[in-house]
Amino acid sequence: MPLPRTRETALRQRLAELRGPGTAAKALDARALAALAANPGCKRRAILDGAGVNKTALASALGAPSAFGQSQFALTRGNAFEAKVKADGGAELLRLVHERLDRGAEPPARAQVPDLTAIGPEGRTARTALALREATGASGTWTLLDHPMLALDVAGSPAFLEPDAVVVHPDGSWTVVEIKSFPMLDGSADPSKVGAAARQAAVYVLALEEVAARLDPAPKVRHRVLLVCPKDFSNLPTASAVDIRKQRAVTARQLARLTRVQDIADTLPEGTCFAPDLPVAELTAAVESVPATYAPECLSACELAFHCRDRSRADGAVTSLGRSVRAELGGLTTVEDVLAAARGEAGDPDDPAVAALRRAAQLRAEALGVTACR
């Protein structure tokens with residue numbers, strides 16, 4: 001007698017159908033989850049990531065291959081900098097943690113660096129949980145976990161995440177460490193890059209909180225993470241404490257939405273499939289059946305950005321101009337609507353956005369008239 005078909009089983013089968021027969025799911029990582037949190041209104045990304053669709057292959061099949069990702073040079077430089085930061089048992093890294101986050105604790109003269117080697121991601125996850133439990137129990141000492149493995153439940157399946165480092169303080173609290181190769185100039189870094197790092201760290205904090213919840217008493221997972229970067233134009237490490245409470249809350253809400261990916265799947269036409277080997281016309285129709293929320297920021301975070309940008313421009317959507325512009329325009333959703341409102345051909349004159357557009361058009365006409373007279 002077959003087992004009853006539960007909602008979770010039905011969802012997994014539906015997501016497998018969306019990927020295509022015999023197509024393995026692409027595992028979610030922290031970058032993908034952080035990108036989801038950065039654009040929570042995009043149903044297209046939510047369903048594709050929830051189903052484990054390989055968006056790189058999908059973009060190539062659609063004729064809009066992605067340039068998303070780090071160059072080999074950037075990866076090599078980042079790995080070299082990370083090795084420098086963690087040299088000598090992480091002495092410099094722990095010094096920065098003590099200086100920026102926990103000055104009241106004893107300086108980390110000696111620290112434990114447990115071996116986290118195990119077979120497979122499940123084994124490494126279990127080994128990391130054991131090391132965290134042991135380090136929390138050994139009060140009064142510093143512990144550095146180098147590339148631990150964490151698991152976070154996403155849409156009913158585990159996503160395995162690997163932060164750069166996790167530090168256990170002498171008081172038993174835990175801190176996530178993010179090591180990036182972009183520089184801090186005069187003590188500050190590119191805000192967009194810091195924001196992306198904060199969203200990524202928030203994913204790790206959520207995963208750590210799940211580990212902490214299984215311990216009694218549950219240790220504190222700090223919501224201030226350490227961001228380590230090269231100082232100015234050198235290769236010397238410097239660090240900054242980053243409060244990620246806002247990013248954590250946004251990411252938690254987005255993951256809760258992703259677990260309801262069944263609601264999005266239920267709206268798709270019967271037989272929808274995102275397998276890259278389908279005919280282009282059929283694949284395009286499948287992708288277009290899911291609404292997207294494109295913004296220029298997607299170019300640095302999503303493999304389908306070029307495809308969505310082309311569609312957004314073809315439709316004349318104002319979102320292609322940026323989220324800030326879209327927010328200022330209110331109910332005007334297309335470029336044609338904006339131009340018509342500015343010319344006085346459409347739009348409610350009492351609408352602040354329409355009034356501002358007409359005033360701007362008037363000022364432009366006056367300026368051009370003065371220039372022509374000169």
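The model is a predicted one.

The largest nonpolar core has 43 residues. Those with the most contacts inside it are Leu33, Leu132, Leu152, Leu161, Trp174 and Leu208. Several elements each supply at least two residues of this core, including helix H2 (30-38), helix H7 (120-137), strand E3 (150-154) and strand E4 (157-161). Helix H8 (191-213) gives the most, with 12 residues. Another core lies apart from this one and has 26 residues, among them Leu18, Ala265, Tyr294 and Ala305.

Next comes helix H5, residues 72-85. This helix has 14 residues. From its first C-alpha to its last, H5 reaches 20 Å, close to the 20 Å expected at 1.5 Å a residue. Its buried residues are Ala74, Gly78, Phe81, Glu82 and Val85. They cover an arc of only 100° around the axis, so they sit on the same side of H5. An α-helix has 3.6 residues a turn, so residues three or four places apart point the same way. The face of H5 turned away from the buried side carries the exposed residues Gln72, Phe73 and Asn79. What covers the buried residues? The cover includes helix H6 (87-101) and the strands E6, E7 and E8.

Two of those strands form a hairpin. Strand E7 (residues 224-230) and strand E8 (residues 237-243) pair in the antiparallel sense, over seven bridges. Cys229 has Thr238 in E8 as its bridge partner. Six residues lie between the strands of this hairpin, and in it Asp232 takes a positive phi near 55°.

Lys26 is found in the loop between helix H1 (7-19) and H2. Is Lys26 buried or partly exposed? Its relative accessible area is 40%, so Lys26 is partly exposed. Leaving aside its neighbours within four places in sequence, Lys26 is in contact with Gly52, Val53 and Asn54. The C-alpha atoms of Lys26 and Asp49 are separated by 8.1 Å, though they are 23 residues apart along the chain.

Asp310 lies in helix H12 (residues 305-314). At 43% relative accessibility, Asp310 also counts as partly exposed. Asp310 and Ala64 are 246 residues apart along the chain, yet their C-alpha atoms are separated by 8.9 Å.

Conventions:
Residues are numbered from 1 along each chain as its sequence is written. This is a predicted model: local features need pLDDT of at least 70, side-chain atom pairs count only at pLDDT 80 or more; totals for chains, interfaces and linings use all residues. Side-chain values use heavy atoms; hydrogens and water are left out. Helices (H or I, at least four residues) and strands (E, at least two) are DSSP runs, numbered from the N terminus. Buried means under 20% relative accessible area, exposed over 50%, partly exposed in between (1.4 Å probe, protein chains only). Two strands pair if DSSP finds at least two bridges between them. A nonpolar core is a set of buried Ala, Val, Leu, Ile, Met, Phe, Trp, Tyr and Cys residues joined through side-chain atoms within 4.5 Å. Contact means heavy atoms within 4.5 Å. The expected span of a helix is 1.5 Å times one less than its number of residues. The arc is that of the directions from the helix axis to the C-beta atoms.
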